[in-house]
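Dear colleague,

Please find the structure below, for your records and for discussion. My notes on it follow directly after.

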Amino acid sequence: MATRPTERLGVTTLEDISALILQSHDLDDTLKNIVTLVAKRMRTEVCSIYLLDEDDCTLRLRASKGLSRRAIGKVTLQIGEGLTGMAAQERHAVTIQEPQSHPRYRYFKETGEERFHSFLGIPLFDRKHPLGVIVLQTKETRLFSPAEISALSTIAFQISSIVINARLLDSIRLKEEESSRFARELEHTRKSLLSRETALQDSGETALRGTVAYPGVVSGPAHLLDERLGFSDILDEEHVEVEREMQRLEGALEKTRIQTIFLEKRVAERLSQDDASIFHTHLMILEDRGFLDKVRREISGGHSAPYALKKVVDDYIEAFARMEDPYLRERAADMEDIGRRLLANLVGQGEHLLHLKTPGILVARELLPSEMASLDHEQILGIVTEAGEKNSHAVIMAKAMGIPALVGVKGVFKRLAPDAPLILDANSGCLYINPPPTVVEEYRRLEADCDRELSRLEEFRDTVAATSDGERVVLRANIGLVSDVAVALRNGAEGVGLYRTEFPYMARGSFPDRDDQYQLYRKVIEGFAGQPVTIRTLDIGGDKVLPYFTPPREDNPFMGWRSVRVSLDNRDIFRTQLEAILMAGVHGPVKLLFPMISGLEEVRACKLVLAEARANLAREGIAAAERLPLGVMIEVPAAVQMAPQLAREVDFFALGTNDLIQYMLAADRNNPLVNKYYDPLHPAILRVLHEVAEVANREGKGLCLCGEMGSDPINFLVLLGMGIREFSMPAPFIPRTKALLARLPLKVARKAAREALTLVDSISIRAHLAKVLSSLDRDL
Ligand code: PEP
Ligand code: MG
């Protein structure tokens, strides 16, 4: 046989595998064809594929060319067991001559493999989750060359994608188990497909993958949220037609006025009349003769309408920014906002900006928290972003509203036309563009399943959150906007464990004054009628910027001037917020929470400002909450170390795992490149969470975990087992968590946590916890 360069071997085999997929009927058929092809190309007597069972621990022989047919589907080994298990555990190629004499060798008599004298095993995996192993064996003693190992690794990578996709399609096809299957699929696909960014082709139509941020299945037209157009993008044009530019301006003005009236109405409904009044000011500017005449004069002078607008808006902003009066200075931000919206309409992008007329799936390159705050949520069926991570704040807001969301969908923008029909499967992490009728049909059924599942979960809304053996757990909601209150109540939240007060600040044009804030907090507190509301002071910085409060440029904003650091450096703003919280605390049980605390000095400084706020109110004769339990977020590693001392200063801790994980593991919560390092089940994370739980219990302090990790069942299991009894999460996750609790005995969770804390890598931890979870399903 003519020998082929090994790299070519890899490439041609890949091409042939692609062709094979089209001919195969199902996953087993595909695997059978692949092993036959690879054995032939690699000139080995045996090629076998082992895949991980749903328990995430057991490797099962699924296809083999060369081993006894009887062994297929029967031979199993655990991760770490035998040479095959070793390749899966160590996640790299294992190549061995005379495998029988290796200490890790395991013999299965069903396979008849004693005849083979060399072994090459390459793991299949999806990012960090093992999927299986592909194994080659030869009768003669053979040393596999590095080039052969590399070729097989490339093939293994492709097989991994096939396995993931085929499992998804299989599971869609197999519809027998209705809602119990749905629950398993949700878990399984969420685990195995998370973070995949590769696009797959589906009979000419496109299916793209992304990371599931909030699960669910929806379909509808694409609403493209175009890139924000900045004035810096506008250049002067030569030879403009004055008449045409004037008409462009008038058209854009008209559109912008109408949009502004809409915005005013929406914000009045979702926030408050006061918040909406900003748009009234915008309308007045849009009608202002002086402003309009200046733009028209620039156009008459031979400039294009966008350039004329840029020039006038820049002049206004500069003039406002120089003003003494703070009120007038703030108008610079209004001017910028109006300018931006007018500009978008001038260049024909205004239709897409923040104005959704009909229900659809919102597709954005990136979604800012401020946009999320002002969008009409009723019209958003689902969210798809190219950039952004699961824990970015805009996505956190989507979760709080229960909107299915997929992030990190690479290249989605360039493949989409406005209004293109989409199916967003945020259970398995797939977005279908222009789906063919067969897929539409399948998904209609899946959507119905989802609805059924949601109605099933609704039953849990009014049940008490407790384990199956009666241990009481408290489930509160994370909220940001006033509109989240209704969602939280609908999902049976026991009050609020985390009110992110920066979110309403983001939806506004300027800093709210004390009374505005008081009214807002009061609305939330009264909404929960007697249930506690934990109000966290401003946590701006990082990815949360206020349009009217521009922080200095920082190379590393998450490690920079953020959160309580900004508050302590802006005492007036901080004191005003504390006064508003104290005033609102008269209307119901409120707890006060300080974010990003790294040591005692900051807590003491915060308490001083709180004392000043109290004194101010007393001086003014305004009623203030008498007792306000104080808490600190434990989200900086230093705070974990200082937890015993901090416990003496405060009444409760709030575990902010979103930040704690990023700071502990040095992995930015918003950076997809380091997503695999951002791991809630890293043993170091479990250890610190356990430590904080122990300190809180020992010191008799409250502890509420309010990071996103608490809403994932696998994490919840270990957290509960460690002794955490209070959680705050996006409200739509509450009924699911109650449903999980109802079938979970506390002793099972405790044992699972004890065992997890002895394990030293997150693969084993995850596998162990997954096994415990799946045993719950079996015992049902
Ligand atoms: C956290 O860090 O876990 C947290 C709840 O706060 P945020 O996500 O608002 O930073
Ligand atoms: Mg945080």
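Are Tyr-214 and Phe-733 buried or exposed? Both Tyr-214 and Phe-733 are buried, where buried means under 20% relative accessible area, exposed over 50%, and partly exposed in between, with a 1.4 Å probe and protein chains only.

Before the details, some conventions. This is a predicted model, in which local features need pLDDT of at least 70 and side-chain atom pairs count only at pLDDT 80 or more, while totals for chains, interfaces and linings use all residues. Residues are numbered from 1 along each chain as its sequence is written, chains are lettered from A and ligands numbered from 1 in the order in which they are written, and side-chain values use heavy atoms, with hydrogens and water left out.

Overall picture and confidence

The chain has 780 residues, of which 60% count as buried. Its secondary structure comes to 28 helices and 23 strands; helices (H or I, at least four residues) and strands (E, at least two) are DSSP runs, numbered from the N terminus. The mean pLDDT (the predictor's confidence in each residue, from 0 to 100) is 82, and 81% of the residues reach 70 or more. Over residues 1-5 the pLDDT is below 50, and this stretch has four contacts in the model beyond near neighbours in sequence; contact means heavy atoms within 4.5 Å. The pLDDT is also below 50 over residues 171-204, a stretch with 83 contacts beyond near neighbours in sequence.

Aromatic rings

Five aromatic pairs were found in the whole structure. Rings of Phe, Tyr and Trp (its six-membered ring) pair if their centres lie within 6.5 Å; planes under 30 degrees apart count as stacked, over 60 as edge-to-face and the rest as tilted. One of the pairs is that of Tyr-214 and Phe-733, which is edge-to-face, at 5.0 Å centre to centre and 90 degrees between the planes. Tyr-214 belongs to strand β9 (residues 211-214) and Phe-733 to the loop between β23 (726-730) and α26, so this pair links parts of the chain 519 residues apart. The rings of Phe-574 and Phe-594 have their centres 6.2 Å apart and their planes at 75 degrees, so that pair is edge-to-face as well. Because Phe-574 lies in helix α19 (residues 571-584) and Phe-594 in strand β19 (residues 590-594), the pair ties together parts that are 20 residues apart in sequence. Phe-574 counts as buried at 1% relative accessibility, and Phe-594 is buried at 0%.

The ring of Phe-733 also has the charged end of Arg-736 over it, 5.9 Å from its centre. A charge sits over a ring if NZ of Lys or CZ of Arg is within 6 Å of the ring centre and within 35 degrees of the ring normal. Helix α26 (residues 734-742) has seven of its nine residues buried, among them Ile-734, Pro-735 and Thr-737.

Strands around β18

Strand β18 (residues 533-536) points Val-533 and Ile-535 one way and Thr-534 and Arg-536 the other, and all are buried. Strand β17 (residues 496-500) pairs with β18 in the parallel sense over three bridges; two strands pair if DSSP finds at least two bridges between them. Arg-500 stands opposite Arg-536 in β18. Strands β18 and β19 run parallel and are joined by four bridges, with Lys-591 in β19 as the bridge partner of Thr-534.

The magnesium ion

Glu-635 (OE) and Asp-659 (OD) coordinate the magnesium ion (ligand 2) at 2.0 to 2.1 Å. Donors are N, O and S atoms within 2.8 Å of the metal (3.2 Å for Na, K and Ca); water is not among the atoms, so sites may look incomplete. Both Glu-635 and Asp-659 are buried.

With kind regards
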